Amino acid sequence: MKKNILVARRVFDSVLERLRVHFEVEPNQDDLIWSKAELIARLQGKDGAFITASERIDAELLDACPQLRAVCNMAVGYNNIDLDACTARGVLASNTPDVLTETTADFGFALMMAAARRMAEGEHFLRRGEWDKWAVDLLAGSDIHGTTLGLLGMGRIGRAIAKRGALGFGMQVIYHNRSRLAPELEQESGARYVSKEALLQQSDHLLLVLPYSPAVHHVIGAAEIALMKPTATLTNIARGGVVDEVALAEALSKHQIAAAGLDVFEGEPAVNPVLLTLPNIVLTPHIASATVKTRLAMADLAADNLIAVLTGGVPPTPLNGQVLQPGLA
Ligand code: 8YV
């Protein structure tokens, strides 16, 4: 008999078809956003769930869904999953690393460039019909090439951005991370380890690429922004919670830093209304991994994990693989 799964959000038809070969599938092709109670209700009698970062998996939900054996996230970030709670209940959790690294790095770099070169501001200006003449300082921004790129966080995406900066744009690359990279990885990325304070003070363009956890909530706030150069840009493609958006809005309105690029927001999809009024910020709706090819690869990898876990195979990218080895959990 086939096992039962819930696919919590709309996915590509080809992915649904693959899942249907192995499972009885309850899809959500209308892409409804369910409350926690609705999600719990839909998970009754389900052995596995294909989820995205929008679905929160915590102890309360797991206790209410005792049949659940696997939660497979279509995202590399997994702050929506209480991993300890999953492990304690023998539920396998997985994410989708690697397949989105280069695409997300491309976007992070693009967002940084858009902020530095005032692209969104220029586009809005033009669309408003205000472009009536050339001017010597019209929308003059700051350079990317030859400047100092700072990375807070240095996982796979951080290293891919570092390479773009060092090799493609002749940037000095500095980084700060929980742990320093091995020398060969530092060399490959062309990046130099510095303290967090030095990172803030020296970066011309600071990019946030660290995984979210409560420990890094508002790791960039008023005090940190105060250390940055007035000409610097700040770009966040990690999770909204790492930046204190109120402090950022205040700093941008007072030109304490030059510009910002945000792809992620604390209360997304809601956006702090003050940010919407500022000219010197580029705002995008959490699309750093959004190319057709990469989203398909992410969905396929989440499906691969789900299929493997529930059919007795080895999931390719587990977060707590020990739950599959009795005695180690
Ligand atoms: C996803 C992301 O689009 O992978 C991540 O961690 O933030 C994005 O690539 C999003 O989380 C959908 O689940």
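Helices and strands here are DSSP runs, numbered from the N terminus. With that naming in hand, let's walk through the structure, which is a predicted model.

How far can you trust the coordinates as you go? The average pLDDT over the chain is 97, and 99% of the residues score at least 70. Among the elements, strand β10 (residues 233-236) has the highest mean pLDDT, at 99. The lowest mean, 93, belongs to helix α8 (residues 183-189).

Now turn to the ligand. Around it you will find Thr52, Ala53, Met74, Ala75, Val76, Gly77, Leu100, Arg239, His286, Ser289, Arg295 and Met298. Sorted by class, this shell holds six nonpolar, four polar and two charged residues. At valine 76 the backbone takes part: one of its N or O atoms lies 2.7 Å from an oxygen atom of the ligand. Arginine 239 uses its side chain instead, with an N or O atom 2.7 Å from a ligand oxygen. Serine 289 likewise places a polar side-chain atom 2.7 Å from an oxygen atom of the ligand. Taken alone, the ligand would expose 330 Å², and the protein buries 86% of that.

Aspartate 98, in the loop between β5 (92-94) and α5 (101-116), has a positive phi, near 70°, although the residue is not a glycine. The relative accessible area of aspartate 98 is 47%, so this residue counts as partly exposed. Follow the chain on through α5 and you reach arginine 118, in the loop between α5 and α6 (119-127). Arginine 118 is not a glycine either, and its phi is positive at about 55°. With 27% relative accessibility, arginine 118 is partly exposed.

How many aromatic pairs does a search of the whole structure find? There are two. One of them joins phenylalanine 109 and phenylalanine 169, whose rings are 4.7 Å apart centre to centre with 35° between the planes, a tilted arrangement. Because phenylalanine 109 lies in helix α5 and phenylalanine 169 in helix α7 (residues 156-169), the pair ties together parts that are 60 residues apart in sequence. Are these two partners buried or exposed? Phenylalanine 109 is buried, at 5% relative accessible area, while phenylalanine 169 is partly exposed, at 28%.

Tyrosine 175 belongs to strand β7 (residues 172-176) and tyrosine 193 to strand β8 (residues 191-193), so to speak of sequence, they are 18 residues apart. Tyrosine 175 has a relative accessibility of 0% and counts as buried, whereas tyrosine 193, at 26%, counts as partly exposed.

Key. Residues are numbered from 1 along each chain as its sequence is written. This is a predicted model: local features need pLDDT of at least 70, side-chain atom pairs count only at pLDDT 80 or more; totals for chains, interfaces and linings use all residues. Side-chain values use heavy atoms; hydrogens and water are left out. A residue is near a molecule or strand if one of its heavy atoms lies within 4 Å of it. A polar contact is a pair of N or O atoms within 3.5 Å; within protein, one must be able to donate a hydrogen and the other to accept it, and residues adjacent in sequence count only if both atoms are side-chain atoms. Accessible areas come from the Shrake-Rupley method with a 1.4 Å probe; for residues, only the protein chains shown count as cover. Ala, Val, Leu, Ile, Met, Phe, Trp, Tyr, Cys and Pro count as nonpolar, Asp, Glu, Lys and Arg as charged, and the others, Gly among them, as polar. pLDDT is the predictor's confidence in each residue, from 0 to 100. Helices (H or I, at least four residues) and strands (E, at least two) are DSSP runs, numbered from the N terminus. Buried means under 20% relative accessible area, exposed over 50%, partly exposed in between (1.4 Å probe, protein chains only). Rings of Phe, Tyr and Trp (its six-membered ring) pair if their centres lie within 6.5 Å; planes under 30 degrees apart count as stacked, over 60 as edge-to-face and the rest as tilted.
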